[in-house]
Amino acid sequence: MRREIGRFAANADDGQQFTIVEYQEEVDVSTLEDPPATDPEAIELFTAEGERVMFKYEGTYEIVSSGLIVHRIP
């Protein structure tokens with residue numbers, strides 16, 4: 001199950017502003033001894049419009065479909 005764990009604003013150098021949404025996938029690892037167990041997996045990033053975002057380095061991200069670099073607004 002994928003759930004939203006956060007969101008933040010980011011700006012491109014040309015002034016465009018985006019909302020970046022952080023999602024975390026939870027994998028069911030239930031066993032007979034521990035039925036309600038889940039294990040959190042890697043975090044995925046998307047714009048609010050659904051475009052995939054890739055982490056580049058601290059505070060800097062790339063919108064994959066356009067190659068646009070954006071910077072997190074503190």
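The charged end of R2 sits over the ring of Y23, with 4.3 Å to the ring centre. This placement, like every other feature described here, is taken from a predicted model.

**Aromatic pairs**

The model holds three aromatic pairs. In one of them, F8 and Y61 are tilted relative to each other, with 5.3 Å between the centres and 45 degrees between the planes. F8 belongs to strand β1 (residues 2–12) and Y61 to strand β5 (residues 60–63), so this pair ties together parts that are 53 residues apart in sequence. F8 is buried, at a relative accessible area of 7%. Y61 is likewise counted as buried because its relative accessibility, 7%, falls under 20%.

Another pair consists of Y23 and F46, whose arrangement is edge-to-face: the centres are 6.0 Å apart and the planes stand at 70 degrees. Y23 lies in strand β2 (residues 17–28) and F46 in strand β3 (residues 38–47), so the pair ties together parts that are 23 residues apart in sequence. Both of these residues, Y23 and F46, are buried.

The two pairs described above are set out below.

| Pair | Arrangement | Centre to centre | Angle between planes |
|---|---|---|---|
| F8 and Y61 | tilted | 5.3 Å | 45 degrees |
| Y23 and F46 | edge-to-face | 6.0 Å | 70 degrees |

F8 and Y61 also belong, together with F55, to one aromatic cluster.

Strand β4 (residues 52–57) pairs with β5 in the antiparallel sense, over four bridges. Within this pairing, V53 stands opposite I63 of β5. The two strands, β4 and β5, form a hairpin with two residues between them, and G59 in the turn has a positive phi of about 80 degrees.

E62 is placed in strand β5. Although E62 carries an acidic side chain, this residue is buried, with a relative accessible area of 16%. The side chain of E62 makes a polar contact with the side chain of K56, at 3.5 Å. Leaving aside residues up to four places away in sequence, E62 touches R52, V53, M54 and K56, and also G67, L68 and I69.

In a regular strand, side chains alternate between the two faces of the sheet.

Notes: Residues are numbered from 1 along each chain as its sequence is written. Side-chain values use heavy atoms; hydrogens and water are left out. Rings of Phe, Tyr and Trp (its six-membered ring) pair if their centres lie within 6.5 Å; planes under 30 degrees apart count as stacked, over 60 as edge-to-face and the rest as tilted. Buried means under 20% relative accessible area, exposed over 50%, partly exposed in between (1.4 Å probe, protein chains only). A charge sits over a ring if NZ of Lys or CZ of Arg is within 6 Å of the ring centre and within 35 degrees of the ring normal. A polar contact is a pair of N or O atoms within 3.5 Å; within protein, one must be able to donate a hydrogen and the other to accept it, and residues adjacent in sequence count only if both atoms are side-chain atoms. Contact means heavy atoms within 4.5 Å. Two strands pair if DSSP finds at least two bridges between them.
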